[in-house]
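Please look over the model below. The report covers its sheet and its metal site.

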Amino acid sequence: MSTVSLLFRISGAALALHLGSQAAAGQTPRYSLLIKGGHVLDARNGVDAVRDVAIADGKIAAVAPDIPAADAAVVVDARGLFVTPGLIDIHAHLFYGTEAHTDYSNGPRAVPPDSHSFRSGQTTMVDAGGAGWRNFLQFKEQTIDRSRTRVLAYLHIVGHGMKGGPVEQDLGDMDAKLTAQRATQFRDHIVGIKVAHYNGPEWDPVTRAVEAGTKANVPVMIDFGGNEPPQSLDALLNTHLRPGDIFTHMCAHVRGRTPIVNAQGQVEPFVLAARKRGVIFDVGHGGGSFLFRQAIPAAKQGFLPDVISTDLHGGSMNGGMKDILNVMSKFLHLGMSVQDVVKANTSRAAEVIKRPELGHLGVGAEADVAVLGLRKGEFGFLDSSGWRMPGTQKLECELTVKAGQVVWDLNGRSRPLWSEDKNR
Ligand SMILES: [Zn+2]
């Protein structure tokens, strides 16, 4: 820490205390929190510059070059750091529970959102199909309503959700009408329909999910493949999916699914055509869905992800995926800028889930903010085959704010310095 930085923090802490006494005398500071001197990245509002961000009543109150520290109850020194909208992870598995043999649907392979979100700068996470129309209410009461993280959901086209094994193969439990009704009933929480893990030759799961998505006016996210021989990826991307539907696991090469980069190392022309018609390409890293041999040639040919999601679950978090910042850092090494990876998981992610009120720092928006450091050093990044890529920079979350509240503070930047003075 530089001397200048240290002095700033001491003065910031003293200021907080001073204003605290002013508040006791009836002079409430104008802002509850001021994040000062950081490099603000807010693609939606065209901000890519050093700015101060002021928060009041849980909302963004001002973004300007020099907001007086005296106007805020708490001042955070963000010099040398990036200040971004709270990150959005559009593919995670959050319907955790203790029911045996249920995988990602009230099962132990899913994870609690708050245990992973804020420490990685995320304020919004989307569960990718843990629940179907039959058990969405349980997911809502058990997880959504009890989390500080904003938890949204894709509803699985299978009524019982992502319970694994034969449950996910049951065409008789894929009801477009009831799925659409549930999605419409809980429009505040449900942002799409999910298809996953179906390993038959039929197109029914896809067509019914698209039918449900059309009825409820939400996109479909698809985890495609599993049949041998593989169903046509061209047909999926250019015939079945609609513009705005999401193809996740874009850098995977798994049994039963054609990869996007062919044996000649070229991004398939039909994949380029699908992007042109508006299909969304999402990373969905997971435990087995990110291969350098797919991601590197795709990036070299300029085929980069729309969204960089994690496919967070109990397996991926302890493998090569780790967390959303680690996955974003991989794409820094594949040639994306910090601006690009942040945009992918903020304003672009918000567009993809059709929640444009999220993912930006415009005045009046809910104050969901991440303060990120770009660490320099020697790092290593893994793909799903276990290959290691060395790297020299890595994103790290210093501070996360959800609805104006500090919910993660790696180095105590929002807190006053400890003092021997017992009267403090
Ligand atoms: Zn997944």
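Two strands pair if DSSP finds at least two bridges between them. Helices (H or I, at least four residues) and strands (E, at least two) are DSSP runs, numbered from the N terminus. This is a predicted model: local features need pLDDT of at least 70, side-chain atom pairs count only at pLDDT 80 or more, and totals for chains, interfaces and linings use all residues. Residues are numbered from 1 along each chain as its sequence is written, and side-chain values use heavy atoms, with hydrogens and water left out.

| Strand pair | Sense | Bridges |
|---|---|---|
| Strand 7 (residues 122–132) and strand 8 (residues 150–156) | parallel | six bridges |
| Strand 8 and strand 9 | parallel | four bridges |
| Strand 9 and strand 10 | parallel | four bridges |

Met125 has Val151 of strand 8 as its bridge partner. His156 stands opposite Lys194 in strand 9. Ala196 stands opposite Asp223 in strand 10.

**Crossovers and packing**

The chain runs from strand 9 through helix 4 to strand 10, a right-handed β-α-β crossover. Right-handed means that, with the strands pointing away from the viewer, the path from the first strand over the helix to the second runs clockwise. Strand 8, helix 3 (residues 176–185) and strand 9 also make a right-handed β-α-β unit.

How enclosed is strand 9? Seven of its seven residues are buried, so strand 9 is largely enclosed by the rest of the structure. Buried means under 20% relative accessible area, exposed over 50%, partly exposed in between (1.4 Å probe, protein chains only).

**The zinc site**

Which residues are the protein donors of the zinc ion? They are His91 (NE2), His93 (NE2) and Asp311 (OD), lying 2.1 to 2.3 Å from the zinc ion. Donors are N, O and S atoms within 2.8 Å of the metal (3.2 Å for Na, K and Ca); water is not among the atoms, so sites may look incomplete.

The donor spacing in sequence is H-x1-H-x217-D. His91 lies in strand 6 (residues 87–92), and Asp311 in the loop between helix 7 (292–300) and helix 8 (324–333), so the pair ties together parts 220 residues apart in sequence. His91 is buried, at a relative accessible area of 1%. Asp311 is buried too, at 8%.
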